[in-house]
Amino acid sequence: MMKHQSVSASQDRITIRHVAKDAGVSIAAVSKVLRNAYGVSEVLRNKVETSIEKLNYRPSVAARGMRGRTYTIGVLVIELSNPFLAGVIESANAALSESNYKSLIGIGRSASSIEASMIESMIDNRMDGVLITAPRISGKVLERYARQIPIVVIAHHEPHAQTYDTVNSDDRKGAHLAVEAALRQGHRDIAMLSYDLLDSPPSVVAVQRETGYLEGMKQAGLEGKIIRLPPVAADRRSAIKNFLTSQYRPRAVFVWSDLDAVPLLNAARTSGVRVPEDLAIIGYDNSPPSAIPLVGLTSVDQNAAQLGRTAGEMLLSRIDGRENAQHVLIEPRVEMRGSV
DNA sequence: GCTGGTTGTGGATAGTTATC
DNA sequence: GATAACTATCCACAACCAGC
């Protein structure tokens, strides 16, 4: 049988074979150096590392995938415009890179078909695990994919899931803390500004926050009142304006996320509503914009850094063979600023 | 025991051979 | 000639083995 020729592009690529030849060692020796494996002398290591640098060699992810690990992690995010998520991903990425993993990001754009195709691409590209921050993806879909690849989900409450892990801020407690913070400032007329959840399951963070808010109000002997914005974020500007001009406007409002709390604060100030004298506002996420002195939004801090780091570490332990599901809740706290 | 080499393996695919 | 079946190759790694 004739030996067929490989294409020129692949011939140009520097492989472990070239490194081995240049260093005057076996392919297995190079592999051991790459993996920091047992049984490598300092002399051999130096020879191999010198050749790797000289030839500018990078291991083939495809070939590694055939043997098990590619050392790549897929990160699926709902969007890039959410500053809180950016903080979470940055911390997760730092935890992963400490273990020589690289992460590649996909954007789901809140569309289940896009999210599903992203996860499938990550599986097809033989990534070693997937970190998902797509809050609306269903538990059933996650179960299906978790049989094919280790998965850790952030911002998705599914405490009984068996095949994948979850890491969340304790959203119920966070909302409860927000109510307590308003009560401490003497407020009794405290409403919650949420959005139309359209029969969302309890896995959705906003549902958890609503529950926490209602519990907090009930505990204080008060009746909770939830005002709903349109489900699509782009349609909320006029709804926020209506809320500010409403004769039934409360004295204090807990907003389900800084994504709506910051625009509300801005709209209040530009329309002459004094904050906090006329309207006290508490947000959720403690996102970077809320900390800007001119904004000064009191907000529930989810500890994005700890959330991301925990998720990254949990994914690594999943990849290393852990099979029991873990569901972690990160303790929230209220960051007090001038809006209350 | 330490070090380093040999061999087999994985999935996809191009190339070769056999069969109709 | 068309199609099916088989083989070699890509690349990195793990298990196993041999020499010291």
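E331 and K173 form a salt bridge in this predicted model, with their closest N and O atoms 2.1 Å apart. A salt bridge here is a side-chain nitrogen of Lys or Arg within 4 Å of a carboxyl oxygen of Asp or Glu. This pair ties together distant parts of the chain: E331 lies in the loop between β11 (327-330) and β12 (333-335), while K173 belongs to helix α9 (residues 171-184), 158 residues apart. Helices (H or I, at least four residues) and strands (E, at least two) are DSSP runs, numbered from the N terminus. E331 is partly exposed, with a relative accessible area of 47%, and K173 is partly exposed too, at 34%. For these words, buried means under 20% relative accessible area, exposed over 50%, and partly exposed in between (1.4 Å probe, protein chains only).

The structure holds 13 salt bridges. Here are three of them, with their N to O distances.

| E331 | K173 | 2.1 Å |

E313 and R309 are separated by about one helical turn, because they sit four residues apart in helix α14 (residues 304-319). E313 has a relative accessible area of 43% and counts as partly exposed; R309, at 30%, is partly exposed as well. Elsewhere, D165, R318 and R322 are joined into one network by salt bridges that share partners.

Now let's turn to strand β3. Five of the five residues of β3 (residues 129-133) are buried, so this strand is largely enclosed by the rest of the structure. In a regular strand, side chains alternate between the two faces of the sheet. In β3, G129, L131 and T133 point one way and V130 and I132 the other way, and all are buried.

What does β3 pair with? Strand β1 (residues 72-77) runs parallel to β3 and is joined to it by five bridges; I73 has G129 as its bridge partner in β3. β3 also pairs in the parallel sense with strand β4 (residues 151-154), over three bridges, and L131 stands opposite V152 in β4. Two strands count as paired if DSSP finds at least two bridges between them.

β3, helix α8 (residues 139-146) and β4 make a right-handed β-α-β unit. Right-handed means that, with the strands pointing away from the viewer, the path from the first strand over the helix to the second runs clockwise.

Residues are numbered from 1 along each chain as its sequence is written, and chains are lettered from A and ligands numbered from 1 in the order in which they are written. Because the model is predicted, local features need pLDDT of at least 70 and side-chain atom pairs count only at pLDDT 80 or more, while totals for chains, interfaces and linings use all residues; side-chain values use heavy atoms, with hydrogens and water left out.
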